[in-house]
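Subject: Structure handover

Hello,

Here is the structure we discussed, with the sequence alongside. My notes follow below it.

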Amino acid sequence: MVVMKIHIVYAHPHAASLNAALRDEAVQTLEGLGHTVTVSDLYAMRWNPVADFDDFGIEAEGTFVGTAVGAFEADAMKADIKAEQEKLLAADAVVLQFPLWWFTVPAIMKGWIDRVFNVGFGYGVNRAWKRYGDGVLAGKRAMVLVTTGAAESHLSDRGINGSIDDLLFPLQHGVLFYTGMQVLPPEVVTGAHLIDESGYADTVKRLRSRLETLAETEPIAYRKQAEDYDEDKRLKPGLEPEGATGFALHLA
Ligand SMILES: Cc1cc2nc3c(=O)[nH]c(=O)nc-3n(C[C@H](O)[C@H](O)[C@H](O)COP(=O)(O)O)c2cc1C
């Protein structure tokens, strides 16, 4: 088995939540497998989620303080951001764990994304615009672990909430794949508030099996910017899966 460094970015305010219990199970499982685990518990860290110009090495609107490499190497980089970037750089795999709030990540995690994936790290690397399957985090694996109030059917293809693949597209494709990571299928715990003891046991069993196969699981087959898109960043003709529209266009 491949031994990995796994970084969990965790957003939930309550220690007595389902999410907290699943995080503890995840850490225990991964450490039991011999992996090294680090956790950024965003509420416990009192993470500042509000991005501001000085986070980006920008003194005033439109003026970069950083060198050609951008803020990644700029002295202006805030220590809290730098620490998170270093945790990501050290990791082989990253897990983002959160409850689905208003169809997306809790604001504190959105603010972690806004501030940590800044210029020269999340995008604009060497001003070369490597992205979508390429970038600073290329070669790392990423997985979303999300709990939802909605039942599975509500998140299915014809579900009233839209399909979970569509809801997670901005995060999985627009953030994790964009920054270079290979995105594994998400682990989605639906109907979270209705889970009883046996449902919890099943949930933990499924989660463990996902974590046990983290190194081998086939990533979602998103298409790569460098190969599959024309100079206007449109998918080259003929590459779309038959009948696909919308987000599903971007799957091989
Ligand atoms: C502010 C807020 C917004 C929520 N929005 C959604 C939502 O958009 N879709 C959904 O399925 N559940 C939603 N829920 C339900 C949570 O996802 C659910 O309570 C959580 O996953 C349960 O896990 P926990 O016990 O660890 O909090 C929301 C809950 C809160 C508090």
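Buried is used here for a residue with under 20% relative accessible area. The model is predicted.

By that cut-off, strand S5 is covered on both faces: Ala93, Val95, Gln97 and Pro99 are buried on one side, and Val94, Leu96 and Phe98 on the other. Seven of its seven residues are thus accounted for as buried. In a regular strand, side chains alternate between the two faces of the sheet.

S5 has parallel partners. Five bridges join it to S1, with Ile8 paired to Val95. Seven bridges, also parallel, join S5 to S6; there Ala93 has Arg141 as its bridge partner.

Helix H2 has twelve residues and spans 16 Å from first C-alpha to last, close to the 16 Å expected. Its buried residues include Ile81, Glu84, Gln85 and Leu88. These four lie on the same side of H2, because they cover an arc of only 100° around the axis. The buried residues of H2 pack against S1 (5–10), S2 (36–41), S5 and H3.

The largest nonpolar core has 38 residues, and Leu96, Phe98, Trp112, Phe117, Leu171 and Leu176 have the most contacts inside it. H2 (79–90), S5 (93–99), H3 (107–116), S6 (141–147) and H4 (164–177) each supply at least two of its residues, and H4 gives the most, with eight. Beyond its neighbours within four places in sequence, Leu176 is in contact with Leu96, Ala142, Val144, Leu171, Met181 and Val183. A second, separate core has 20 residues, among them Val37, Leu145, Val204 and Leu207.

Regards

Notes:
Residues numbered from 1 in each chain as written. Predicted model: local features only at pLDDT ≥ 70, side-chain atom pairs only at ≥ 80, totals over all residues. Heavy atoms only, no water. Core = buried A, V, L, I, M, F, W, Y, C linked by side-chain atoms within 4.5 Å. Buried < 20%, exposed > 50% of the residue type's maximum accessible area, 1.4 Å probe, protein only. Contact = heavy atoms within 4.5 Å. Expected span 1.5 Å × (residues − 1). Arc of directions from axis to C-beta. Pairing = 2+ DSSP bridges.
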